[in-house]
Amino acid sequence: MENRRTPLYDFHVAHGARIVSFAGWDMPVQYPAGIKAEHLACRSGAALFDVSHMAQIELAGDGADAFLEGLTPTDLDAIKDGRVRYSLFLNEKGGVLDDLMIARFEGALHLVVNAGRAAHDIAHLEANLSGAYTKMTVHDERALLALQGPSAAAILEDLGLDLTGFVFMDIRRFTLAGVEC
């Protein structure tokens, strides 16, 4: 079976990234400057990571909270709109299946799950989805980027984003260079 490619695959290749197979994806593992330079740039400034291989899932509907609370130990009422929480998928005995991020945003729950377990996690959600009160959508069409490092906020502000009141584990919609993010 052929590996999948993120929306930024051609960019990575054009900029000399070494591509490796990871969890069914062709992913950039390093650029010509090398791992050490990339690590130091992230620690002292910022680094941008393509994490589009992670599955992005939306749960919507009146039953979404109750449905997801049945699969995680998370009190979903405690996640306010615009906030993100780290959680775990549990099996029927309370054992951990995987970790995930849960965000409440614009009337829906948004999940990000690990690429290596994405098919399993999606199947787990589908197997437990009950009734017409929750709709699940897997967003394969979206890119997912992680800008990390002490200069990350300054870089985004230099690009014109207003980060007033934006803190760790917040989620918000922005427009950057005419692209909705």
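**Exercise 1. Is Asp26 buried or exposed, and why?**

*Solution.* Asp26 counts as buried because its relative accessibility is 14%, where buried means under 20% relative accessible area, exposed over 50% and partly exposed in between, with a 1.4 Å probe and protein chains only. Before going on, please note that this is a predicted model, in which local features need pLDDT of at least 70, side-chain atom pairs count only at pLDDT 80 or more, and totals for chains, interfaces and linings use all residues. Residues are numbered from 1 along each chain as its sequence is written, and side-chain values use heavy atoms, leaving out hydrogens and water.

**Exercise 2. Where is Asp26 found, and which residues does Asp26 touch?**

*Solution.* Start with the strand: Asp26 lies in β3, residues 25-30 (strands are DSSP runs of E, at least two residues, numbered from the N terminus). Next, list the contacts (heavy atoms within 4.5 Å). Not counting residues up to four places away in sequence, Asp26 touches Asn3, Arg4, Arg5, Tyr9, Ile19, Val20 and Ser21. Finally, check C-alpha distances: Thr6 is 20 residues from Asp26 in sequence, and 7.7 Å away in space.

**Exercise 3. What is the strand order in the open sheet of five strands?**

*Solution.* The order reads β6-β7-β8-β5-β9, with antiparallel pairing (two strands pair if DSSP finds at least two bridges between them). At the edges are β6 (83-90) and β9 (135-138), each pairing on one side only. Now zoom in on one pair: β5 (residues 55-60) and β9 run antiparallel over four bridges. Within β9, Val138 is the bridge partner of Ile57.
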